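Thank you all for coming; I would like to walk you through one structure this morning, taking it piece by piece.

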Amino acid sequence: MSETLEAPPLCAPGREASARGAAKVLVKSYGCQMNVYDSARMTDLLAREGYAEAASEDDADLVILNTCHIREKAAEKIYSELGKLAILKRERAAQGRETKIVVAGCVAQAEGELVLRRQNAVDLVVGPQSYHRLPELLSRAAEGARLTDTEFSVQDKFHALPDASPAQIRARGVSAFVTVQEGCDKFCSFCVVPYTRGAEVSRKVAEVVAETRRLADAGVREITLIGQNVNAYRGEDEQGRAWPLERLLELLSDIAGVERLRYTTSHPVDMTQGLIEAHGALPKLMPFVHLPVQSGSNRVLKAMNRRHLAQDYLNSVAALRQARPDIALSSDFIVGFPGETDADFEATLDLIRAVGFASTFSFKYSPRPGTPGAERDDQIDEDVKRERLAALQELVAAQRQAFNAATVGREIEVLFEKPGRHPGQVAGKSPYMQAVHVAGGRDLIGRVARVTIAGAGSNSLAGRRVEESGGATN
Ligand code: SAM
Ligand code: SF4
């Protein structure tokens, strides 16, 4: 932990907030699901310290930005957000009201004290492995210190975090994330994650089971196991034996109340035969896999240090489809990695055509400080990146549309999660991660029901519920 001695506080900590009731915190999450999970844990931790949840910045005495550093744009967005918060903080200070601003997550980890130097209004910078120390850090910040804590803690952060209460769990809905693995040892040459999140660590089997049970008991019906490389999971059981992900999934599928299991994000080299076979063996494991490939060119894959060939990826896809014929695939792509030629890019389009994806995320390569890719002198022109991204996105949009259209007329199970956009509608998710809405009431939320798909757009499906007797209802 380091400390800088700038800008003393304007007001006594928390005094104004207590005059207006409990102090309120807003945790804003950017980037991946890991951050969504961490943001919820920070909110729970601060609830224990007496902070209520704020609905917006206007309402919050403490604003935490849980940030993403994966691409330059994501990181710069944080500074523009901080600029707005700095104005809010100044205006309130003029009225005698205090606001604390915390930068957490991967920008905090990667930039540390630089964040304090770039934006004077920031009180605390706390990394993804240190946020369990927020209460202590906040009380020191209340005394006027501006602090940075980006240590990879020896203490297990998860042990220091309180469990969410049943009411907190219910407020977050029927689908929940559980972090089972953090960090990455792969060092892809474009990626900052191994530097911001540290080495691969898996949570113990018993901890994951306990957290899943608590969620299911409070009404959660779908659990998504998350990790930067979730299929590299090697959590220990009570005898100290390391379990692979498929064994964990098998155990979790026996927990009462758990109706659906998913996992994300996977790396192709950790897609073992055992995990592939689990898709055929575990009915609760949903037929959808997010398996980022990044490129279809062997030359680029090698330069990216992805440690597999395009054909290995295609083989895994074929094996997954053999284990579970209706499985839907999703992936991440980067266009314009240094040295990528037209032929390399064509190979990526060929791979996409060969697989047929249900959904994808695609990005222009963004050089990140400290990564080998950023040092290369064969960076690709921005216009070329833009053109390639547009061509790739056109292809995958057509595939997504075709995938959605192919579900029309089918009867599929939907887990209902929330009221729909229009009155009298309820919305949920298909096994293949498609948003589905039907006519129906709130009583459906938390239930899995059979639905006949009547229409498909590019982003959602419309359906009719099938009565248990077999007919369709509106
Ligand atoms: N662990 C996952 C894997 O192995 O593919 C990916 C996790 S990463 C947080 C999410 C995605 O961000 C990556 O799959 C990649 O497509 C994208 N990404 C990472 N670094 C990037 C960069 N420098 N420029 C553009 N996209 C990037
Ligand atoms: Fe980043 Fe590669 Fe690790 Fe995924 S596997 S988090 S892309 S370094």
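Predicted model: local features only at pLDDT ≥ 70, side-chain atom pairs only at ≥ 80, totals over all residues.

**A helix, a sheet and some rings**

Just after helix H15, Gly356 takes a positive phi of about 75 degrees, and by helix I mean a DSSP run of H or I with at least four residues, while a strand is a run of E with at least two, both numbered from the N terminus. Residues are numbered from 1 along each chain as its sequence is written, chains are lettered from A and ligands numbered from 1 in the order in which they are written, and side-chain values use heavy atoms, with hydrogens and water left out.

Staying with H15, residues 342-355, its 14 residues should span 20 Å at 1.5 Å a residue, which agrees with the 20 Å between its end C-alpha atoms; the expected span is 1.5 Å times one less than the number of residues. Which residues of H15 are buried? They are Asp344, Phe345, Thr348, Leu349, Leu351, Ile352 and Val355, where buried means under 20% relative accessible area, exposed over 50%, and partly exposed in between, with a 1.4 Å probe and protein chains only.

Three strands form an open sheet in the order S8-S11-S14, with parallel pairing, and two strands count as paired if DSSP finds at least two bridges between them. Strand S8 (175-179) and strand S14 (260-264) stand at the edges with a single partner strand each, so one side of each is left without a neighbour in the sheet. Strand S11, residues 222-226, pairs with S14 over five bridges, and Thr224 has Arg262 in S14 as its bridge partner.

Finally, the rings: the whole structure holds six aromatic pairs, meaning rings of Phe, Tyr and Trp (its six-membered ring) with centres within 6.5 Å, called stacked when the planes are under 30 degrees apart, edge-to-face over 60, and tilted for the rest. Tyr37 and Phe158 have ring centres 6.5 Å apart and planes at 50 degrees, so this pair is tilted. Tyr37 lies in helix H2 and Phe158 in helix H7, so the pair ties together parts that are 121 residues apart in sequence.
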